[in-house]
Amino acid sequence: MDWWQGLLLGLVQGIAEFLPISSSGHLTIMQEVLGVSGKGNLGFDIAVHVATVLSTVLVFWKSLFGISKGLFTKGMNREKDYVLKLLISMIPILLVGLLLKDFVEKIFDTAKVAQRTGNGLLVVGICLVVTAVLLLVSEIISAVRDLKHGKDAEEKEQKIADRMEVSEKMTPAERRAVYTYQNGISYLQAFVVGIAQSFAVLPGLSRSGSTIATGLMSKVRRTSLAQFVFVMVIVPILGEAFLELIKGFSGADMSMFFSIPVLCGFLAAFVSGLLACGFMVKLLKKFRLWGFAVYCFVAGVLCIVLPYAIR
């Protein structure tokens, strides 16, 4: 891989990580087009994912700082409730990582997929179409809800939630209900969104798209959804990166993490991710995702059809 290829792939990763169009799918497509696909890119893939995690931390640093402060106060509070829900959302992806890691790595190997199907991008294409369907269904459900309750209903709910306070007279159940209303997501909804994230390990199935779509369908408050789905991935990605670094120190070639293409990709993914994350947070609160659904459908169909058509 040359430095300019690393730069281009980093830009793709940073932009696609936060937009609901699948960063893994687009990274796989671009690696295939540039002729740099394969297991040798493992260090690069980890580096650009860590870069987007760091951009997430920077975008949400005020909220994350407030959450961390709340963890060190006595008794249950809104911040601890939020962290518990984040941890619950990570259970499905943890199970996938422990039980299905080898299977997922095989799916990402486009050469092996091509040997069996004649199309290395077949899985990516199918998953992009699935992403499009998820986005479409979630937006239809969300639009119907807006017609029923009004477009600004969730914003009004959020304002009410921010003014709510917990009193000592409340029962534990009443306090949990207040925390759920304040954070805009319940424990069950957090777990369901976590299940969606676990399926998004498939290349082409957008992590942000599937988690946002599932969140909307399970009635998570739109104003709270963007932060939750972007923050929930921080620990799994950093955990995966840490495990790979441990493998590297145990005997593998560590140079794959510190080459010029990897460094160029890291910087490109960080800067583009920073811009894309801020853009997506504003977009999700105010606008619909129809355009992304159309894009994913068209891109998916092309990935399925073109490799067979041009042979």
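Author: The model is a predicted one, in which local features need pLDDT of at least 70 and side-chain atom pairs count only at pLDDT 80 or more, while totals for chains, interfaces and linings use all residues. Residues are numbered from 1 along each chain as its sequence is written, and side-chain values use heavy atoms, with hydrogens and water left out.

The chain has 16 helices and 0 strands, where helices (H or I, at least four residues) and strands (E, at least two) are DSSP runs numbered from the N terminus. Its C-alpha trace spans about 70 × 45 × 35 Å along the principal axes. The radius of gyration, taken over C-alpha atoms, is 20 Å, which agrees with the value near 19 Å that a compact globule of 311 residues would have, the globule rule being 2.2 Å times the number of residues to the power 0.38. Among contacts (heavy atoms within 4.5 Å) between residues at least 6 apart in sequence, 79% join residues at least 24 apart.

Phe-60 counts as buried because its relative accessible area is 6%. Leaving aside residues up to four places away in sequence, Phe-60 touches Ala-226, Gln-227, Phe-230, Val-231, Cys-277 and Val-281.

Ser-89 sits in helix H5 (residues 78-99) and counts as buried because its relative accessibility is 0%. Beyond residues up to four places away in sequence, Ser-89 touches Ala-190, Gly-194, Gln-197, Phe-228 and Met-232. A polar atom of the Ser-89 side chain also lies 2.6 Å from the backbone oxygen of Leu-86, within the 3.5 Å limit for a polar contact, a pair of N or O atoms of which, within protein, one must be able to donate a hydrogen and the other to accept it, residues adjacent in sequence counting only if both atoms are side-chain atoms.

Ser-22, in the loop between helix H1 (3-18) and helix H2 (23-34), has a positive phi of about 75 degrees although it is not a glycine, and at 1% relative accessibility Ser-22 is buried. Lys-219, in the loop between helix H12 (207-217) and helix H13 (222-231), likewise has a positive phi, near 70 degrees, without being a glycine, but at 60% relative accessibility Lys-219 counts as exposed.

Methods. Buried means under 20% relative accessible area, exposed over 50%, partly exposed in between (1.4 Å probe, protein chains only).
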